[in-house]
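Reader: Hi! Could you walk me through this one, starting with how you decide that two parts touch?

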Amino acid sequence: MTRIIVLTSGKGGVGKSSMSINIGYALAKKGAKVCLIDADFGLKNLDVMMGLENRVIYDLKDVIQSKCTLQQILVKDKRMHSLFLLPACKSLSLENLNVEYMIKMIEELKKDFDYILIDSPAGIEKGFQYASGLSNEAIIVVTLDIVSLRDADRVVGLLLKQGVNNLHMIVNKYNEDDVHKGRCLTLKDAHDILSIPLLGIVYDDHSMIEANNKGLPIYMNNQSHMVGCFDRIVRRLEGEEVAFQKNKKKPLFERIFR
C-alpha cells in the first residue's frame, strides 16, 4: 500500500525541502520506489536542490492542459533510479488548481510508487491546505526555537482537524552545544509543546547548505555523518525501533589535542 506523506512546517527556513529530498533518497536506497512532489507552486526549489533543473521539460500545468501525460512530467533522478520528481510550476497558481483533479493524479501515482512525499509550502495558507489535503500522514519539521515550535503546534492542530492523525516530528539543525548552554529549547520542550512522536534528529551542519547549492543532496555523500540521520529516520518510518544518531563530529578541544 502506497504511503502518502506531506512534509510541512509552521515557518519557513527550517529545512523542510532538505528533509524531503534526503528522506526520499534514503527510502530509494532501501529499494522503495519514491515520488517527490514539489507542492511549493511559484517557487520551484526541489529540482534545483537535486541538480535536476535541466531535465525538467514539462510541468504540472502541461499535464492539466493535456500537453503531456503524467508519466512525461516525472523526472527520474540521475543518481537514484527509483526516485522521481514531480516538479512545481512557477506559472501555476493555487487558485487555478482543481483539488479533485490532484486527488485523481495521486491515485494514478499510487499504482507505481511505494512512497509519495509531498513537500508542502511553509505556513498555513492555501498551499498548506492543498498539500495536506492530498496526504494521510505528515512529518512536521521544526528547529528548537520557540517560534518554530509554536507555529508547528498550530500546524498540528490544523492537520488533526483535517483528519491527518498519523503525525511525526523531525528536529532539524540540532546543535548539542546550544542545547547544553541553554541557548535554545530542548527535545523534551519540543515534545511537550507538540505532543507527537520524534521521528528523527538531523544535526546542524554547514555541509547541508553546500550540498543544496551544488545540487548534490547530502545523502549522496557517503563520508557525511548526516547519512546515518536519514537512514535512521527511514527505519523508524518503516516501524523499526532504532536509537537516535549520535553526532560523530568531535568537539573542537578533541580535534585540537588528538
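Author: Happy to! Contact means heavy atoms within 4.5 Å. Helices (H or I, at least four residues) and strands (E, at least two) are DSSP runs, numbered from the N terminus. This is a predicted model, where local features need pLDDT of at least 70 and side-chain atom pairs pLDDT 80 or more, while totals for chains, interfaces and linings use all residues. Residues are numbered from 1 along each chain as its sequence is written, and side-chain values use heavy atoms, without hydrogens and water.

Reader: Great. Which residues in H1 meet H11?

Author: Met19, Asn22, Ile23, Ala26 and Leu27 in H1 meet Phe230, Asp231, Ile233 and Val234 in H11. This contact divides into seven nonpolar residues, one polar and one charged. Here Ala, Val, Leu, Ile, Met, Phe, Trp, Tyr, Cys and Pro count as nonpolar, Asp, Glu, Lys and Arg as charged, and the others, Gly among them, as polar.

Reader: And at what angle do the axes of H1 and H11 cross?

Author: At roughly 70 degrees, with the axes of H1 (residues 16-29) and H11 (residues 226-237) coming within 9 Å. That makes H1 roughly perpendicular to H11, a label for 65 to 115 degrees; under 35 is roughly parallel, over 145 roughly antiparallel and the rest oblique. Axes are lines fitted to C-alpha atoms, for helices over the stretch in contact, and angles run from 0 to 180 degrees between N-to-C directions.

Reader: Switching topic: how many helices and strands does the chain have?

Author: Twelve helices and eight strands. The radius of gyration (over C-alpha atoms) is 18 Å, close to the 18 Å from the globule rule (2.2 Å times the number of residues to the power 0.38), so the chain is as compact as a globular protein of 258 residues.

Reader: What box do the C-alpha atoms fill?

Author: Roughly 65 × 40 × 30 Å, taken along the principal axes.
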